[in-house]
Amino acid sequence: AADIEAWDYDRKSRPFAFSINQQAYSHLQVQTRGQKQPLQVGELPAGVYSQLDFRPDGSLTLQVEGPDQPSSFWRVWPGTSRTELVLGERLPGKALRLPQPVRLQSGDGVTLGGLLSWPERPRAGLVLLHGGPASQARPTFSPLLLELSRLGIAVLQLDVRGSTGYGRRFAQLDDGPGRFRAVDDVEAGAAYLRSRGLQKLALMGTSYGGYLSWLHAEKHPENW
């Protein structure tokens, strides 16, 4: 499933611009009405795109944030490869290994998604749960993840059932009694990291993710 998360329309030249959430990463598409092929746009840092705004000269500004790009504003000229960093900075140093979208199966066969940050030589793993649960792990800038990667800790940002970004049905799977099935989703996340060769695991979450971490750790303390 893919969600349109931001858009704008240029009333002068009539193109539409969309930011599409596909497997957590944003993809920018600019389409002119009546044309099947989207317009060319220049390369942007990988991550999450928002605040799309057409300018009077036909260029498009947008907010960009990614694993190796703190929140910044960029400008593109649809129909060309031209891009410009308007506000913000690029991080110095070598390129970061971007988190990769992953799919895994929960105990009842439900397919889960998430983002996996895999250091060059991982020595331990962390299952990280977001709040909500109506939210999604997105590839945004995180000093915590940068430091964990430097320490050799692989991080699975797991989207348990009830998360957004995978369509309405998945977002409703934790309604009512289904809420406790999310405990099995966390178990699947731990099993996935073990299948990648990691035996030392930790569990962490924020807000609802913190509650779910506590609930799972109480039921399956042997995992952590």
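Here is a short chat about the cores, a hairpin and a surface patch in this predicted model.

Student: Which element gives the largest share of the largest nonpolar core?

Tutor: That core has 26 residues, and L129, L158, V160, L193 and L212 are the ones with the most contacts inside it. Elements giving two or more residues to it include β8, β9, β10 (124-129) and α4 (208-219). The largest share, seven residues, comes from α3.

Student: Leaving aside neighbours within four places in sequence, what is L193 in contact with?

Tutor: L193 is among the residues with the most contacts inside the largest core. With those sequence neighbours set aside, its contacts are L116, G125, L126, V127, L156, L198 and L201.

Student: In the hairpin of β8 and β9, which residue takes a positive phi?

Tutor: Strands β8 (residues 100-105) and β9 (residues 111-117) run antiparallel, joined by six bridges, and Q100 stands opposite L116 in β9. Five residues sit between the strands. The one with a positive phi, near 90°, is G109.

Student: Is F73 buried, partly exposed or exposed?

Tutor: F73 lies in strand β6 (residues 69-76), and together with V86 and L87 it makes a nonpolar surface patch of about 270 Å². Buried means under 20% relative accessible area and exposed means over 50%. F73 has 32% relative accessibility, so it counts as partly exposed.

Definitions and conventions: Residues numbered from 1 in each chain as written. Predicted model: local features only at pLDDT ≥ 70, side-chain atom pairs only at ≥ 80, totals over all residues. Heavy atoms only, no water. Patch = residues over 30% accessible without salt bridge, like charges linked within 9 Å, V, L, I, M, F, W, Y side chains within 5 Å. Areas by Shrake-Rupley, 256 points an atom, 1.4 Å probe, with all protein chains shown as cover. Salt bridge = Lys/Arg side-chain N within 4 Å of Asp/Glu carboxyl O. Helix = DSSP H or I, 4+ residues; strand = E, 2+ residues; numbered from the N terminus. Buried < 20%, exposed > 50% of the residue type's maximum accessible area, 1.4 Å probe, protein only. Pairing = 2+ DSSP bridges. Core = buried A, V, L, I, M, F, W, Y, C linked by side-chain atoms within 4.5 Å. Contact = heavy atoms within 4.5 Å.
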